[in-house]
Structure formats: C-alpha cells, structure tokens
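Trainee: I am new to this structure. Could you take me through it in short steps?

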Amino acid sequence: MAASVEKSALHVPSLEEFCQVLRDGLKSNFAEVQVSVVDCPDLTQAPYTFAAAGLCGNPRIADVGGVPYLVPLPQTDKIYNLLNIAEEVELPNAFILGAGAASFKAVGVNAEVVEVRSCRRTGPSNFVTCMREALGKHFGAKPVGVGGTFLIQKGKAKIHVMPDFSSCPLNSDEDVNNWLKFFDMNSPLICQSVFVSRDLGFDLRLEHTHCFSHHGEGGHYHYDTTPDTVEYLGYFLPAEYLYRIDRPMKT
Ligand code: ZN
C-alpha cells in the first residue's frame, strides 16, 4: 500500500530571529525566560536516552495519518512503518522523534539548536502553544515548523493515555475525552514535540507532544498543572520541509 505524500517547503528563519521570536512570545506567558543558540547536548545520555545524539542535519517534519483514522471507530489497518516513513521523507535511516501521529526527523550529529528555558508560568498557554502562537504572529503567512525535545524538570503535567480501542463509536469531543484516561504526572518528564505556525491546507495537527519518564509515567502532553513551580528546558530547531503522508480524505 503506497500512502499519498504531499511535500511543502517551510520558511526557515535565522536562528537569531527564531530565538528573538520565541523569547518575546514566552515572556508573555512565563516569569523567567532564556533563549539562546547553544551546542545541542548529547541526547543519547540521561535523561533523554534517545537513539541519536543531536538535532540537526536535514530537519523535516512528517505528519502521518490523523485523528479521522481513530474516530468514530479505529481503522486498525492503519499501521505505519517508521522505516518507510524515513524513505518517504527522503532520508532513509533518519533518526525520528516525535509524537506518534507527528514526527520530527533529524540526522544525529551534534550541532547548534536553540535552547529554551522557561520557569513559572504566568499565562494560560502551555509551553508549546505559546511558542507556536508567537511564531504564527511574527511570521504570518510564512509557515514555520519546529521539532525538538524538552524536559519538564519541576512540577506536574496533565497527560492523557489512550486505553484499548473504543468498541462504541466516538462521535464528539466529549466522547473522546470520556474515553481517554487523564493523569496528573510527575516530573521529570522527557517530551518530544513538533509544531507548525500555521496549516498549509494539509489538515495538519498544529502541535503534538508526547512524553515519557524513567519512573513509568508518560503520554500525550496537555499542559503543566503547577504553574508556580514548573520549569521547562528545551532544544528546538526549525525544519526545512513538511511531508503530509496518508492525509485522511474525510475529516
Ligand atoms: Zn498524542
């Protein structure tokens, strides 16, 4: 089965401009913000324990499938092989990180990324939404796509996990939320995240973050539940291309 693949170039700002936009955006939502260009830490080491050392090379975003394949009833034949996905984004054997339905790909050699530290949330947006909206506001029609990883070093976060597939149709957001299991999970949580500043007419998921930990907790990140004490540390990079693979026809 060959899935459909649509490809679009993304706007890649300079790292300086990228830093400035994230800094300004995060300052509206966090008490303490530091954004700088640094050498990426070795992501194969604890606490990350990823399969590749760094974020760089040919950063590309792949948005694969979508929620319409899950609701109202799951299409259990929708199984994607990451090796095939790597070939479809024209980077065979790429290191893939991300959140299931949306993956960020990068070739693993150490390089500069942008380091983001944010502490004590003062606004309503979560860490990722805040950065995504700042990029959207600044770059407007020019789409910017970002992938990377962040740690929730202190505090707790609202996370969902999916139980077994629902046997009854999920016809509304309320049905979905009743089916999902929500938890307040403890830091440190290691998150992998991808976000785009605007849709390109591909019915994209604008942000998606999954996390795991070394204490058995993990899932889909919604927001921190401890704004006064939360601390985020992230490494992000703007991507060059976006690939929409097997876009659902009905949404
Ligand atoms: Zn998810």
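**Cavity, metal site and core**

Mentor: Strand S10 contributes three residues to the lining of the largest cavity, the most of any contributor. Keep in mind that this is a predicted model.

Trainee: Which strands each supply at least two residues of that lining?

Mentor: The lining has 10 residues in total, and Ile61, Asp63, Val194, Val196 and Arg205 are the closest to the centre of the cavity. The strands that each supply at least two lining residues are S3 (60–64) and S10 (189–196).

Trainee: How do the residues of the lining divide by type?

Mentor: The cavity has a volume of about 50 Å³. Its lining divides into two charged residues, no polar ones and eight nonpolar.

Trainee: Which residues are the protein donors of the zinc ion?

Mentor: The donor residues follow the spacing H-x1-H-x9-H in sequence. The donor atoms lie 2.0 to 2.1 Å from the zinc ion, and they belong to His208 (NE2), His210 (NE2) and His220 (ND1).

Trainee: Is His208 buried or exposed?

Mentor: Buried means under 20% relative accessible area. His208 has 4%, so His208 is buried.

Trainee: What about His210, with a relative accessible area of 28%: which class does that give?

Mentor: The class between 20% and 50% applies here. At 28%, His210 is therefore partly exposed.

Definitions and conventions. Residues are numbered from 1 along each chain as its sequence is written. This is a predicted model: local features need pLDDT of at least 70, side-chain atom pairs count only at pLDDT 80 or more; totals for chains, interfaces and linings use all residues. Side-chain values use heavy atoms; hydrogens and water are left out. Donors are N, O and S atoms within 2.8 Å of the metal (3.2 Å for Na, K and Ca); water is not among the atoms, so sites may look incomplete. Buried means under 20% relative accessible area, exposed over 50%, partly exposed in between (1.4 Å probe, protein chains only). On a 1 Å grid over the protein atoms alone, a cavity is a set of points where a 1.4 Å probe fits but cannot get out, and a pocket is an open set with protein on both sides within 12 Å along at least five of seven lines; lining residues have an atom within 4 Å of a point. Grid points are joined across faces, edges and corners, and a volume is the space filled by probe spheres set on the points. Helices (H or I, at least four residues) and strands (E, at least two) are DSSP runs, numbered from the N terminus. Ala, Val, Leu, Ile, Met, Phe, Trp, Tyr, Cys and Pro count as nonpolar, Asp, Glu, Lys and Arg as charged, and the others, Gly among them, as polar.
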